[in-house]
Amino acid sequence: MPSIAEKAGARQALEISCADFHMVYAGRWIANKGICQAVRALNHWPIQKARISLVGEFEPNFHISQSNALHVTFPSYFYREVCGRNRHVRIDLRKSVAQRQLSGIFQTADCFFYPSFQEDENFGMAPREAILCGVPSVVTDFCGLGQLGRITKGGLVETYPTLGGVRFSLLALHESIVDIRSWPEKLRQSFIEENAAIIKAEC
């Protein structure tokens, strides 16, 4: 777990001010990882000084079995609907990086979000890695992520089935992020240490 000085140094290196509420996502940029929905929620109900770092890359021609569709149009959709229509959140797109560099990015975060409803979601390594870097995580209850959300302090967003595929409430996602932001510093530190101990024991 990083020290306060290490966190401050990591934020300074990425030019993230102490006033920014920095949220990080790390993983594949595909349609059912919840990235678009998270940005949309933060545009419906803005959070002051919200900033998002998306770490990863598009996966070309990804097959989405939930809707039996190919992923060929997602990059253009992403740039048009997520980046182009975004009004209230600063979004930084960052390419995939080595583990040591990713750890440094995690150390800059106030919150890690991973609202995935990807059909082959299993254990959920990225949010667990973030927790071990001192960052609370917001996840869905989908597949293996639900266990993480139930045993750690952070956010757990319920998913539900529809004829168009798996969905979740944008408001519930937003409220989970707002709740983490409202934690007093002493309570936040206590939750961070508790979460890390849980993940170490689990792994």
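Analyst: Accessible areas here come from the Shrake-Rupley method with a 1.4 Å probe, and for residues only the protein chains shown count as cover. On that basis the protein chain exposes about 10,000 Å², with carbon and sulfur atoms supplying 54% of it. This is a predicted model, where local features need pLDDT of at least 70 and side-chain atom pairs count only at 80 or more, while totals for chains, interfaces and linings use all residues. Residues are numbered from 1 along each chain as its sequence is written, and side-chain values use heavy atoms, without hydrogens or water.

You'll find Gln147 in helix α6, which covers residues 145-151; helices are DSSP runs of H or I with at least four residues, strands are E runs of at least two, and both are numbered from the N terminus. Gln147 counts as partly exposed because its relative accessibility is 40%, between buried (under 20%) and exposed (over 50%), using a 1.4 Å probe and protein chains only. Beyond its neighbours within four places in sequence, Gln147 touches Arg128 and Glu202, where contact means heavy atoms within 4.5 Å. Phe123 is 24 residues from Gln147 along the chain, yet their C-alpha atoms are 8.7 Å apart.

Stepping back, the protein chain has 8 helices and 10 strands. Its C-alpha trace spans about 45 × 35 × 35 Å along the principal axes, and 48% of its 203 residues are buried. Of the contacts between residues at least 6 apart in sequence, 71% join residues at least 24 apart.
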